[in-house]
Amino acid sequence: MYYKAELQFLEKIFKNYHINTTIINSKTAHIPEFDLGLRRMINNDINYDSLITSNFNHPHTNVIYRIHDEFFCNYICIQLPDQDPVSPHLIIGPYTTRNITKSLLLQLTERLSLTPTQFKQLQKYYTNLIMISNEDAIFSIVTTFGEFLFGSLENFSVETIDKLVPASVEPVATRPDFQEPEEAFLTMQILEKRYEAENMLIHAVSQGLIHKAEMAIMNSNFLTLEQRVSDPVRDIKNYCIILNTLLRKGAEQGFVHPLHIDSLSSRFARKIEQVTSPENGRALQKEMVHKYCLLVKNHSMKGFSFLVQKVVTRIDSDLTADLSLKTHAKLLNVNASYLSTLFKKETGMTLTDYINKKRIEYAVFLLNSTNMQIQNIAQHCGIHDVNYFTKLFKKFIGKTPKEYKSELS
């Protein structure tokens with residue numbers, strides 16, 4: 001298979017989009033449920049083998065099919081080149097390009113004569129189905145893959161297949177062999193996917209990887225989930241609270257001290273209650289993910305011993321305190337020389353240099369965000385001699401606080 005590496009890359013892209021990809025070939029003993037179990041839920045007698053045969057085994061080669069099925073789901077199907085008599089198929093999907101409202105689902109339920117239990121499961125299914133508002137980017141990726149697969153853009157065509165529910169469809173629930181679907185079936189799948197996405201997010205935050213964490217929440221359904229209360233603003237607030245809890249867990253796994261986690265978490269708790277619209281809530285969720293990742297990058301103590309963690313936390317919590325080596329050693333009941341050696345070994349700098357670095361970083365923050373006098377800033381950073389503060393600032397930043405502030409103006 002000359003396109004193996006490119007196919008794996010394509011599958012990886014769609015995994016990051018939270019879109020399922022399925023390879024079906026003649027060697028497949030059991031056809032996977034490419035629709036994530038939707039048809040099985042509606043009709044437990046469904047035969048996926050015959051479904052594949054009737055829908056995807058087309059005589060035309062070098063064709064990319066865009067399929068819009070009767071359940072508001074979209075798929076992309078490509079018949080991959082192979083030496084076997086029956087070439088394998090790549091099925092990308094399902095995803096949807098429209099907002100699946102309760103009204104739409106009720107119409108579908110009535111048309112198929114589904115039971116109330118099936119309707120509830122449909123709601124859960126579509127709540128967790130990825131919605132792509134603009135399909136152009138996705139199809140651009142697919143056509144680029146097709147260009148490689150078939151040699152050029154001129155060597156393949158694109159066809160659209162629209163399948164609508166026929167007006168004379170047999171009501172599923174009226175069949176003599178009908179069995180009410182087990183509600184746990186779809187619920188288990190949904191919960192497994194949700195927990196997988198949550199764990200991916202927690203892991204990304206624990207590493208301080210902003211791009212990976214943002215990828216984990218790119219699926220808007222992950223941010224909103226199903227509507228649980230009638231008020232959409234209260235609903236988004238509730239999910240912001242859930243997200244805040246998950247992000248706290250990620251920061252904790254990233255070895256950030258609870259002091260910093262609690263400070264950020266409390267700040268977001270106040271912001272959550274100020275949310276006025278679902279759009280405002282979704283923007284806040286993205287901000288939360290970004291800030292928690294930065295928290296891990298700036299305050300992770302991974303690899304530090306218990307003693308060094310205690311020292312670093314004390315420095316971060318109050319730069320105006322007595323942060324001398326002697327005081328730290330006394331509070332931790334250890335030898336000062338031992339603590340000094342251990343701190344430099346684990347952080348790569350002396351205790352004094354580390355403290356000065358933190359104080360100047362905070363001074364830069366205050367210069368950027370306040371109109372405080374330089375003397376007051378020095379005191380807030382724990383340095384009472386303004387001349388020493390100026391000398392220290394120039395050592396780290398390359399210019400005096402006055403010069404820095406002047407450039408800001």
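This is a predicted model: local features need pLDDT of at least 70, side-chain atom pairs count only at pLDDT 80 or more; totals for chains, interfaces and linings use all residues.
View 1. Helices here are DSSP runs (H or I, at least four residues), numbered from the N terminus. With 12 residues, α18 reaches 16 Å from its first C-alpha to its last, close to the 16 Å expected at 1.5 Å a residue (the expected span is 1.5 Å times one less than the number of residues). F389, L392 and F393 are buried in α18; buried means under 20% relative accessible area and exposed over 50%, with a 1.4 Å probe and protein chains only. Looking down the axis, you will find the buried residues of α18 within an arc of 105°, so they line one face of the helix (the arc is that of the directions from the helix axis to the C-beta atoms). These buried residues pack against α16, α17 (374-380) and α19, where contact means heavy atoms within 4.5 Å.

**View 2. The aromatic pair of F343 and Y354.** The structure holds 11 aromatic pairs (ring centres of Phe, Tyr or Trp, the last by its six-membered ring, within 6.5 Å; planes under 30 degrees apart are stacked, over 60 edge-to-face, the rest tilted). In this one, the ring centres of F343 and Y354 are 5.4 Å apart and the planes stand at 80°, so the pair is edge-to-face. It links distant parts of the chain, 11 residues apart: F343 belongs to helix α15 (residues 336-347) and Y354 to helix α16 (residues 351-369). F343 is buried at 1% relative accessibility, and Y354 is buried at 10%.

**View 3. The aromatic pair of F393 and Y404.** The partners are 11 residues apart, with F393 in helix α18 (residues 386-397) and Y404 in helix α19 (residues 401-408). Both F393 and Y404 are buried.

**View 4. An aromatic cluster.** Y2, Y3 and F148 form one aromatic cluster.

Notes. Residues are numbered from 1 along each chain as its sequence is written. Side-chain values use heavy atoms; hydrogens and water are left out. Helices (H or I, at least four residues) and strands (E, at least two) are DSSP runs, numbered from the N terminus.
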